[in-house]
Amino acid sequence: MSDPSEASKTVLIIGAGADSLQHEGELAASLIKVARALQRCGYRTHLIDDNPFNVAPDLTAGIDDFTQAPPTVEQVTAVIERVRPVALLPTVGGRLAMQVTERLATSGILNKYQVQVLGMPVTTVRQTNNPSVLNQTLRQVGANTKKIAPVATLADAQDLAAEIGFPIVVRAVAPVAGSFRRIVHDQADLQPAVTAAIQHSGIHQAMIQQSLAGLKEIEVVVARDQSGTMMQLAVAEDLDPIGIHAGDSVTVLPAQTLLDRQIQDMRDVAFKITRKLRVVGINHVQFALDQANDRFYVIKNSPYLDRLTTFVEQATGYPLARVHGNLVAGQLLRDLRLDHGLVKHTAAMEPVLDRTAIRLPVFANEQLGIGDRPLTTEKQSVGAVIGLGRSLVEALLKALSELHLDFFALREVADEQLDQLLIHPRANRLLAVLEALRRGYLLPELSELTRLDPFYLAQFKRLVGLERDLMQHPGDLTFLQQAKYWGMSDFLIGQIWQESAATVRQLRQDHQLHRTYKELDPSAGELDQHPAKFYSTFEQVNESQVGDRPRALVIGAGPRRLGNGVTTDYLLTRVAAELKRQGYDLVVIDNNPNSALLNRELASKCYLEPRDFERVAAVVALEQPEVIASADCSFVADFPLVRAGAATLIKLPPLALPTLKDGVTYQYNAFFDGRYAYPLGITRLTQASAGVTVDFAPDLPAGLGAALTKQGEEALTNDQPAGLYQLTAHRAAGQLVFDRLGQPPIWALAFLSRVTGLDLAAVIVRLALGKFNGRLLTAAMQGESKATRLTAVFPGPALRLQRPAQLSEMMGAALSED
Amino acid sequence: MANRYLILEDGTVFAGTGFGSPAVTFGEVVFNTAQAGFQEIITNPVYFNQIVVFAQPNIGNLPLYRNIYETITPPIKGVVARNLASFEPTGRRQVGLSQYLYQMNIPGVAGIDTRALIQRLKAAGKPLRGSIVPVADDHAFDQLHATVLTNQQVAQVATPKPYPNPDVGQTVVVVDFGLKNGILRELSRRKCNVTVLPYSASAQEILRLDPDGVVLSSGPGAPANVKASVLEMIRTIQTKVPLLGIGLGHELFALANGAKVTRLPIEHHGLNHPIKEIITDQIVYASQAAGYLVDRDSVDRDQLYVTYVDLIDNSVQGLHHRRYPAFSVQFFPDGAPGPDETDSLFDEFMDMMKEEGSRG
């Protein structure tokens, strides 16, 4: 609120807690922008979160105050009592924050302390948490919802099934032992299923529900302001049908296979729901569309930011999170003034694209040993990449290049097995579709098997055609040109030609086949807007102009992967912030739509591009940065710019995790400036099958700390280069056994930065730039070290895997203080 | 691989791949930023003598559907896109975009850097004529420069003869300046008993049908080129029965009431501009396809008041007469393609007719 009397009133922002299978960095990335908008509206922001890899509280702008605690009812209540916020924001903390908010309302805390909920009335929070109540509201506005009802007898079940029509899902209500769920396709299967469900039910009831499996899934994102103005931000389409979790589906923006009439009908319903629920800010409505009869069902309503909204923000160039912040603060769409090169009033202009954007889920199923598990309604993917192009094929290929898949992996698979892979899709099902197209499956047949729209299959067929053309014409320039136009990487072309990527690259350069960059403006080229976000394609006009100020390039961490979770993104974001402080114009390249790096407050320019050699080299060649920071792009060291010493390389420690012994190990952590070691504290890593914890400043057995410190300091008096170090030790037969001295893994750097309050990313940057002095460390070391525990989160439980926790599978973590 | 070219009168050449008809055509090149609804766009008569560039890169993703055409014989002169979907019919009667355009003798060209093309069109600062040709040589440019596009667009697309579209409700006369089906669809939904008259219909001819209301349809071209008797007709009709003007109909309504209409340096075609309804202060979105705009300063405040304004370009989007039940909008409240949230204007028109009718 711009009213000065509102100044310095506090908004309490509920964080999302530890990253899990359900959410990764998207909430933290959105939170920074939302909080910044709230600050600009005159609020003081207070974040409560226990996710050590949420970078928001570590950045100078966005969060004023931070309580490091789990966002539980008890902890949030404590903050409310202490801080007395005027309002609470539940929309950047995922479902957990919505549940906490509901309980705070129910318990009377919000009333007692007169805390207003931003973004929606409490009744909407309740409905969001309670789908059956929400369904009543949805029906009131005329929206179709999935038919669902409990039955106690077979006769009732038969009546209901006749009304709903097969297939239906039969479940046990309040099952006594384990859940019971069965899809029933005809009358004959109904009787045994219902009987079994009633038997399984503690109250002798079966739940009969309509199955929407196989329908098209459409996701609509809208915004509404306090005055009731509504706008559509996106209509996205999931390639995979209902039955596969939306987060595991390939999502396309804008929707490609819908009639305008269908879009308008869903838009109307999304508006009605948003109005009825009195949502202020962003609302995300998911639909199931039956194309046979144009009927559509509302399957989910999420009045908060999520993985789709970050994708929409990156794909459209529309500053969705920031606008959400403005709207929940009471500003109106028509009054909003956007910055970063956007034209007046465009906050209220519905974003349109002159490109195609793909959100591709990233799985870790091979790593987890569940590579043959079919995709279902339960999410399995651990991360996502965004691909942008001027065609669907180009966008898809650019997204895929992150995965380093072998496109021909299924060459040897028998037809029958391939059919199974098409019918029961698994992670990266696209490979099976491509293989089927290579084998000449017809589109209608393939569409029947996969439930993929023939339009998409025709696009994939184009890709297979390109492959064939290349195969038949090795080294041919015309087909090379075609392949580049449709988004194939040098690497993929090389694979088909059985040449090296370097050879393809040379041929390309010899014939001036260069990429151009297009700007991601939200008006599809209608207005002269310059949000300074770019993607590449092979067309005529290049729009990325290089400035004359010194530039630093940060190569993002890409999609979340197991082992490091989002810690690389956390650390790179802090590296980026430091480079900016050092006076550089920051250029970022990343393909993770959930990255905190993709923030125009931080980066002067963003490239939403794959992070492979070809694309990174092209950005480097254009931008000529003085500094390049990267975590896992080892090829950067070979760039001529780097070799010639024209660019300083900042490399984060390798992603590879140190081999750690089971049981308990201790780490001496220190910074070494070439002469002196500055201790950063001792950590204790406990690895057990039940879980993994890391304790900072733990209670140690007598003498252990001193012995470890002594050994560490001795190891660092030799000819070690300056840097961050970690010496690991374990106890065997009562003796302390020291392992090799190494670099702390990235997650440890992130953890240590958070618990010591010392910006280790800044240390790394200054060291690389030759601007380091010990003052930073000495100042930080004055503080008292609080014993803090990091508890790692693994995907195992959510995926129902019976396996011991292993650090190499960490996907997130929570902090707690003793 | 290029086999078709889009050439512009400023000398620019864009190479691509042809689809649809192999004919050579000429037209003004305009761009549309709608994300879907290619069928409704290419069949809108407003695109008479125009070549439409789609900013959204993929078109022809769906077959053509029999119930969403906006006219029977589309007068559009060409379709330009980045990608044409490789369409394979899965049903017996399905027709893909390329086949349809071939049947309608309309050329298309794909593989174009449409973003660069749109930037080019904007940079020109005036409407550019272009041609879709098999060879982009001097001859092609000579042809383009020699071509004179008619300024009698309405006469070319409007129906030459009256025809009825009967129903059981209010009696409405639609004056056809290049009518798109969406208007008839909205009137049908409201059970209107419609007669469509040629644009040249006089007030007497209209009133002879004793209508409850009159709709001035949308259409192509400059309102100034529509013959002056039309303005006479409007000035008479607005005093007699409720009147609704849409698109070109709105521009003519403005002219008839003393306002000026000016040519836009860059035509605006899309669905996404915020349009403010002045009386409620609410924002709505609607289908827009405008080459001309009512000059805001020229609006005689004693005759008319402004009802809608486009927040992006600040243009007049709606007018209402001060004394008569007559109003008009620049945008298309019938959507097709586009949001439905302004279709309530047809309800407003229905209410006006009822009110006037009860007044006798």
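Colleague: How far apart are the centres of domain 1 of chain B and domain 2 of chain B, taken over C-alpha atoms?

Modeller: They are separated by 28 Å, with domain 1 covering 3-149 and domain 2 covering 154-359, bounds that come from an automatic or database domain assignment. This is a predicted model, in which local features need pLDDT of at least 70 and side-chain atom pairs count only at pLDDT 80 or more, while totals for chains, interfaces and linings use all residues. Residues are numbered from 1 along each chain as its sequence is written, and chains are lettered from A and ligands numbered from 1 in the order in which they are written.

Colleague: How many residues of domain 1 of chain B are in contact with domain 2 of chain B?

Modeller: In domain 1 of chain B, 25 residues are in contact with 22 residues of domain 2 of chain B, where contact means that C-beta atoms, placed from the backbone, lie within 7 Å.

Colleague: Why is α16(A) called oblique to α18(A)?

Modeller: Helix α16 (residues 454-472) and helix α18 (residues 490-497) of chain A pack at an angle of about 55 degrees, with angles running from 0 to 180 degrees between N-to-C directions. Angles under 35 degrees count as roughly parallel, over 145 as roughly antiparallel, 65 to 115 as roughly perpendicular and the rest as oblique, and therefore α16(A) is oblique to α18(A). Both helices are DSSP runs (H or I, at least four residues), numbered from the N terminus.

Colleague: Which residues make the contact of α16(A) with α18(A)?

Modeller: A:Glu467, A:Leu470 and A:Met471 of α16(A) meet A:Ile493, A:Ile496 and A:Trp497 of α18(A).

Technical notes
Helix = DSSP H or I, 4+ residues; strand = E, 2+ residues; numbered from the N terminus. Contact = placed C-beta atoms within 7 Å.
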